[in-house]
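Visitor: I have not seen this one before. Can you walk me through it?

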Amino acid sequence: MTRATWQPRPDDAETLRRFFGKDGRLLTIPSKHVKKLVVLNQLAQAFEPGKVYPEREVNDILRQFHEDVAALRRYLHEEGFMMREGGYYWRDGGSVEV
């Protein structure tokens, strides 16, 4: 599994407006891969780099965005935004504010 590195693209803001409601909740999980990556990068921002989270806390954080926390966890892991081992997760990719 490789780390997800992220380079913002000009249309990312439009993708985020399309898939997130005004309340910040994810309206639907995109089916197109590139749009899904934009959404996953946004979700990864909810996790502090270097911090280890038990699965229950990951679920609680993701539930703020969408009810299907299992799918979001799986996508974050599969695309390299989060790593996991023994029921614990940590952020391993995505954009970082500098």
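Guide: A term to start with: rings of Phe, Tyr and Trp (its six-membered ring) pair if their centres lie within 6.5 Å, with planes under 30 degrees apart counted as stacked, over 60 as edge-to-face and the rest as tilted. This is a predicted model, in which local features need pLDDT of at least 70, side-chain atom pairs count only at pLDDT 80 or more, and totals for chains, interfaces and linings use all residues. Residues are numbered from 1 along each chain as its sequence is written, and side-chain values use heavy atoms, with hydrogens and water left out.

Visitor: OK, how many aromatic pairs turn up in the whole structure?

Guide: The search finds two. In one, F20 and F65 have ring centres 6.5 Å apart and planes at 85°, so that pair is edge-to-face.

Visitor: Which parts of the chain does that pair link?

Guide: Distant ones, 45 residues apart: F20 is in the loop between helix 1 (12–19) and helix 2, and F65 is in the loop between helix 3 and helix 4. Helices here are DSSP runs (H or I, at least four residues), as are strands (E, at least two), numbered from the N terminus.

Visitor: Are F20 and F65 buried or exposed?

Guide: Both F20 and F65 are buried. Buried means under 20% relative accessible area, exposed over 50%, and partly exposed in between (1.4 Å probe, protein chains only).

Visitor: And the other pair?

Guide: F47 and Y53 pair edge-to-face, 5.2 Å centre to centre with 85° between the planes. F47 and Y53 are buried too.

Visitor: Switching to helix 4. How many of its residues are buried?

Guide: Seven of the 10 residues in helix 4 (residues 69–78), which makes it mostly covered. The buried ones are V69, A71, L72, R73, Y75, L76 and H77.

Visitor: What covers them?

Guide: The cover includes helix 2 (33–44), helix 3 (55–63), strand 2 (82–85) and strand 3 (88–91). It is judged by contact, meaning heavy atoms within 4.5 Å.

Visitor: Which charged residues sit at the ring of Y75?

Guide: K36 lies over the face of Y75, 4.0 Å from the ring centre. The charged end of R74 is also over that ring, 5.3 Å from its centre. A charge sits over a ring if NZ of Lys or CZ of Arg is within 6 Å of the ring centre and within 35 degrees of the ring normal.

Visitor: What comes just after helix 4?

Guide: G80, with a positive phi of about 85°.

Visitor: How do helix 3 and helix 4 cross?

Guide: At roughly 110°, with axes that come within 9 Å. Axes are lines fitted to C-alpha atoms, for helices over the stretch in contact, and angles run from 0 to 180 degrees between N-to-C directions. The two helices are therefore roughly perpendicular. Angles under 35 degrees count as roughly parallel, over 145 as roughly antiparallel, 65 to 115 as roughly perpendicular and the rest as oblique.

Visitor: Which residues meet there?

Guide: E55, V58, N59, L62 and R63 of helix 3 meet V69, L72, R73 and L76 of helix 4.

Visitor: What about helix 1 and helix 2, at what angle do they pack?

Guide: About 80°, with axes 10 Å apart. That makes helix 1 roughly perpendicular to helix 2. D12, T15, L16, R18 and F19 of helix 1 make the contact with K35, V38, V39 and Q42 of helix 2.

Visitor: Last one. Where is R84?

Guide: R84 is in strand 2. At 44% relative accessibility, R84 counts as partly exposed. Leaving aside neighbours within four places in sequence, R84 is in contact with H77, Y89 and W90.
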